[in-house]
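Colleague: Take me through the charged pairs in this model, please. Keep it close-up, and then show me what surrounds them.

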Amino acid sequence: WQQNTLEILKVLAQNDILHAAEAEQLINGYKFLRRLENKLRLLHDQSINEMSSDQKSLRKMTRGLGYGKKGLAAEKEFLEEYHAITEGIRRLFENYLNPQQGLEVSQNV
(Lines give C-alpha, C1' and ligand atoms only; values in the text may rest on other atoms or scores of the structure.)
Protein backbone atom coordinates (compact mmCIF):
# COMPACT_ATOMS: atom_id res chain seq x y z
CA TRP A 1 0.00 0.00 0.00
CA GLN A 2 2.76 2.40 0.86
CA GLN A 3 4.18 2.64 -2.63
CA ASN A 4 0.72 2.95 -4.15
CA THR A 5 -0.26 5.75 -1.78
CA LEU A 6 2.91 7.68 -2.42
CA GLU A 7 2.61 7.21 -6.18
CA ILE A 8 -1.02 8.33 -6.16
CA LEU A 9 -0.12 11.51 -4.27
CA LYS A 10 2.61 12.25 -6.80
CA VAL A 11 0.23 11.67 -9.73
CA LEU A 12 -2.38 13.94 -8.13
CA ALA A 13 0.21 16.72 -7.96
CA GLN A 14 1.45 16.09 -11.51
CA ASN A 15 -2.12 16.42 -12.76
CA ASP A 16 -2.75 19.60 -10.75
CA ILE A 17 -5.40 17.97 -8.60
CA LEU A 18 -3.24 18.73 -5.57
CA HIS A 19 -0.79 21.59 -5.31
CA ALA A 20 2.80 20.30 -5.19
CA ALA A 21 3.28 21.65 -1.65
CA GLU A 22 0.11 19.89 -0.49
CA ALA A 23 1.18 16.60 -2.05
CA GLU A 24 4.58 16.94 -0.38
CA GLN A 25 2.89 17.64 2.96
CA LEU A 26 0.73 14.52 2.58
CA ILE A 27 3.70 12.40 1.48
CA ASN A 28 5.78 13.52 4.45
CA GLY A 29 2.85 13.03 6.80
CA TYR A 30 2.19 9.56 5.44
CA LYS A 31 5.83 8.56 5.89
CA PHE A 32 5.87 9.98 9.42
CA LEU A 33 2.72 8.11 10.44
CA ARG A 34 3.89 4.83 8.87
CA ARG A 35 7.20 5.13 10.72
CA LEU A 36 5.28 5.73 13.95
CA GLU A 37 2.99 2.76 13.31
CA ASN A 38 5.99 0.50 12.65
CA LYS A 39 7.72 1.66 15.85
CA LEU A 40 4.57 0.98 17.87
CA ARG A 41 4.42 -2.53 16.40
CA LEU A 42 8.04 -3.19 17.32
CA LEU A 43 7.62 -1.91 20.86
CA HIS A 44 4.47 -3.89 21.55
CA ASP A 45 5.28 -6.94 19.39
CA GLN A 46 1.80 -6.79 17.88
CA SER A 47 -0.28 -4.79 15.46
CA ILE A 48 -1.17 -1.57 17.22
CA ASN A 49 -2.54 1.71 15.95
CA GLU A 50 -2.76 3.79 19.11
CA MET A 51 -0.08 5.45 21.18
CA SER A 52 -0.04 4.82 24.87
CA SER A 53 -0.66 7.81 27.10
CA ASP A 54 1.67 6.21 29.63
CA GLN A 55 4.64 8.57 30.03
CA LYS A 56 7.21 5.77 30.26
CA SER A 57 5.98 4.08 27.06
CA LEU A 58 5.82 7.41 25.24
CA ARG A 59 9.38 8.28 26.28
CA LYS A 60 10.68 4.87 25.14
CA MET A 61 8.93 5.17 21.78
CA THR A 62 10.03 8.75 21.11
CA ARG A 63 13.63 8.05 22.01
CA GLY A 64 13.52 4.99 19.75
CA LEU A 65 12.36 7.27 16.94
CA GLY A 66 15.34 9.58 17.52
CA TYR A 67 13.67 12.44 19.39
CA GLY A 68 15.22 14.28 22.30
CA LYS A 69 18.45 15.31 20.60
CA LYS A 70 17.53 18.98 20.12
CA GLY A 71 17.53 19.88 23.80
CA LEU A 72 13.80 19.28 24.25
CA ALA A 73 12.32 16.33 26.08
CA ALA A 74 11.82 13.54 23.55
CA GLU A 75 8.08 13.36 24.23
CA LYS A 76 7.57 17.12 23.85
CA GLU A 77 9.57 17.28 20.62
CA PHE A 78 7.66 14.32 19.17
CA LEU A 79 4.22 15.58 20.21
CA GLU A 80 4.89 19.01 18.68
CA GLU A 81 5.78 17.40 15.36
CA TYR A 82 2.92 14.90 15.59
CA HIS A 83 0.34 17.64 16.18
CA ALA A 84 1.74 19.86 13.41
CA ILE A 85 1.65 16.99 10.91
CA THR A 86 -1.77 15.64 11.83
CA GLU A 87 -3.35 19.11 11.96
CA GLY A 88 -1.92 19.89 8.50
CA ILE A 89 -3.33 16.65 7.11
CA ARG A 90 -6.69 17.36 8.73
CA ARG A 91 -6.82 20.83 7.16
CA LEU A 92 -6.12 19.40 3.71
CA PHE A 93 -8.71 16.69 4.22
CA GLU A 94 -11.31 19.26 5.19
CA ASN A 95 -10.40 21.53 2.27
CA TYR A 96 -10.74 18.76 -0.30
CA LEU A 97 -13.18 16.27 1.15
CA ASN A 98 -15.48 18.05 3.57
CA PRO A 99 -18.95 17.82 2.01
CA GLN A 100 -20.19 20.73 4.12
CA GLN A 101 -17.58 23.02 2.59
CA GLY A 102 -18.90 22.31 -0.89
CA LEU A 103 -22.41 23.21 0.22
CA GLU A 104 -21.25 26.48 1.72
CA VAL A 105 -19.39 27.44 -1.45
CA SER A 106 -22.32 26.63 -3.75
CA GLN A 107 -24.76 28.50 -1.51
CA ASN A 108 -22.57 31.61 -1.57
CA VAL A 109 -22.32 31.70 -5.38
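Modeller: R41 and E37 sit 4 residues apart in helix α2 (residues 20-44), which puts about one helical turn between them. A helix here is a DSSP run of H or I, at least four residues long, numbered from the N terminus; a strand is a run of E, at least two long. The model is predicted: local features need pLDDT of at least 70, side-chain atom pairs need 80 or more, and totals for chains, interfaces and linings use all residues. Numbering starts at 1 along each chain as its sequence is written, and side-chain values use heavy atoms, without hydrogens or water.

R41 and E37 form a salt bridge, with their closest N and O atoms 3.0 Å apart. The term means a side-chain nitrogen of Lys or Arg within 4 Å of a carboxyl oxygen of Asp or Glu. E37 is buried, at 17% relative accessible area. R41 is partly exposed, at 30%. Buried means under 20%, exposed over 50%, and partly exposed lies in between (1.4 Å probe, protein chains only).

Now helix α4 (residues 74-97). E80 and K76 both lie there, 4 residues apart, about one turn of the helix. Their salt bridge has its closest N and O atoms 2.7 Å apart. E80 is partly exposed at 43%, and K76 is partly exposed at 45%. The whole structure holds 5 salt bridges.

The side chains of R59 and E75 meet in a salt bridge at 3.2 Å, N to O. R59 is in α3 and E75 in α4, so the pair ties together parts 16 residues apart in sequence. R59 is partly exposed, at 30%. E75 is buried, at 8%.

How do these two helices meet? The axes of α3 (residues 55-64) and α4 come within 8 Å and cross at roughly 75 degrees. Axes are lines fitted to C-alpha atoms over the stretch in contact, and angles between N-to-C directions run from 0 to 180 degrees. The helices are therefore roughly perpendicular, a label for angles of 65 to 115 degrees. Contacts (heavy atoms within 4.5 Å) bring Q55, L58, R59, M61, T62 and R63 of α3 against A74, E75, F78 and L79 of α4.

Finally, the wider setting. The chain has 5 helices and 0 strands. Buried residues make up 27% of its 109 residues.

How values were computed. Parallel < 35°, antiparallel > 145°, perpendicular 65-115°, else oblique.
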